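Okay, thanks everyone, I'll keep this short. Have a look at the structure on the screen, and I'll walk you through a few spots in it.

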Amino acid sequence: MALHSLHLSPSLHYQTTTTTTHSCLLENRRLKTRITCAKTRPRKLPALDGDKSESQELVRNIVRSFSDKEPLVKTLNKYVRIVRTEHCFLLFEELGKRDKWLQCLEVFRWMQKQRWYIADNGVYSKLISVMGKKGQTRMAMWLFSEMRNSGCRPDTSVYNSVITAHLHSKDKAKALDKALGYFNKMKGMERCKPNIVTYNILLRAFAQAQNATQVNALFKDLEESIISPDIYTYNGVMDAYGKNGMIREMESVLSLLKTQQCKPDIITFNLLIDSYGRRQEFEKMEQVFKSLLRSKEKPTLPTFHSMIINYGKARLKEKARDVFKKMTDMKYMPSFVTYECLIMMYGLCDCVSSAREVFDEIVESGKEVKVSTLNAMLTVYCNNGLPIEANILFENTQNLKVLPDSSTYKLLYKAYTKGNMKDLLQKLLKHMDKAGVVPNKRFFQDALGAFGSSRATKNSASGTNSSSRLQSRVGTKLGVSS
């Protein structure tokens, strides 16, 4: 494959098919006037025609206001004179991010009681999407049925949301069969014909399932249709193949892309760099990076992050340091993720002291220490057989003003269990109890993995200022000029 022959044009936007549900909703909003259960969407109030940030701020206030003592519906009633469909859409998104899918249904029921509410495909499509992402397939299908009972006729966007909801279920084989069933059904309905979003969803899903035969069949079907593939089509499939280590299949799709009137963008470059790096095919990875530098596109921070981590996994410390130097020489400002990548890279190369130096520089810089950065340093200690050092750092989280999350407890639980450190395990469980973290079956499965949930159950029973200054300091430690 002649990677150096890629000729690119600027492309500032990328959306993988894992986020096609959002695209469905945007498309759906443009099609509102076609919904039979309502001729038009209710007119926006003049106050809502302003900056979207005002709506987002209102939603944030609502989310902050409700609690166990202040039910969500009671909070919504306080804002009843100004809350409209647009705010409810934002509420669905925010509540979905917080795994509060039941509260999404509360908002929906509250909406239905308002005088301004008109049954709308967009509302159902959004809710189906949220339920699907949370693995609530039955609830998604109930909403699909409820939508038709309300007088709304499904359209392409709704079916795209239904397909995506099924693909989030645990039984992947059954989910793919269901998705294909809906796809074929859509072909026979005039107002529900598959669009490019439909194909993108299915292509990525079958590529993730390593079903190259079905991917090829879908590409052939797409070629025979009036729909043209877009950059999201190719990027989504290549990314899925690359993450599964199917390099030959990924390169085949890249060749197909190059024969079409669809030019690669920065995401194409990044996923190729990451895929080759994961497979430790560094010659090809470096070739793609050089091609990127010669193109009209510009590297992004994820470009460098991927190279640093993948060199670290191969224990090529100097190569990783060279990437960081290249990044700073090109005047890129490192983010907290950059420093987390450096910490992880040093940990993978058994350079624990170097990892700790980077972590200490972050703390000394006066910048906020994020929990993900704490977890990166704890992971380095745990993976290098240093649970005592991990415990000391964990005990110091209050001084660092960092609030541990579930990932913090999981990685420490695994390390302490592996080291048979009962005293530390008991202390950790007390910390969890104090923080209100209740370990369940999933916690133990995620924490222990190969150790087995039976051992986990036994153990649980027994235990019932500035970026520039930071860049300069870390650069000095790495032998890199800023």
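Let's start with Tyr79, which sits in the loop between α3 and α4. Keep in mind that this is a predicted model. Take Ile62: it's 17 residues from Tyr79 in sequence, yet the two C-alpha atoms are 8.3 Å apart in space.

Now on to helix α5, residues 101-112. With 12 residues at 1.5 Å a residue, α5 should span 16 Å, and its end C-alpha atoms are 17 Å apart, so that agrees. Which residues of α5 are buried? They're Gln103, Cys104, Leu105, Val107, Phe108, Trp110 and Met111. And those buried residues pack against α3, α4, α6 and α7.

One partner to look at is Phe92. Again skipping residues up to four places away in sequence, Phe92 touches Cys104, Val107, Phe108 and Met111, plus Val123, Lys126, Leu127 and Val130.

That brings us to the largest nonpolar core, which has 134 residues. Phe92, Val107 and Met111 are among those with the most contacts inside it, along with Ile343 and Leu412. Helix α10, residues 196-208, gives the most to this core, with 9 residues. The core also draws at least three residues from each of domain 1 (263-322) and domain 2 (334-449). In soluble globular proteins, nonpolar side chains tend to be buried together.

Notes: Residues are numbered from 1 along each chain as its sequence is written. This is a predicted model: local features need pLDDT of at least 70, side-chain atom pairs count only at pLDDT 80 or more; totals for chains, interfaces and linings use all residues. Side-chain values use heavy atoms; hydrogens and water are left out. Helices (H or I, at least four residues) and strands (E, at least two) are DSSP runs, numbered from the N terminus. The expected span of a helix is 1.5 Å times one less than its number of residues. Buried means under 20% relative accessible area, exposed over 50%, partly exposed in between (1.4 Å probe, protein chains only). Contact means heavy atoms within 4.5 Å. A nonpolar core is a set of buried Ala, Val, Leu, Ile, Met, Phe, Trp, Tyr and Cys residues joined through side-chain atoms within 4.5 Å. Domain bounds come from an automatic or database domain assignment.
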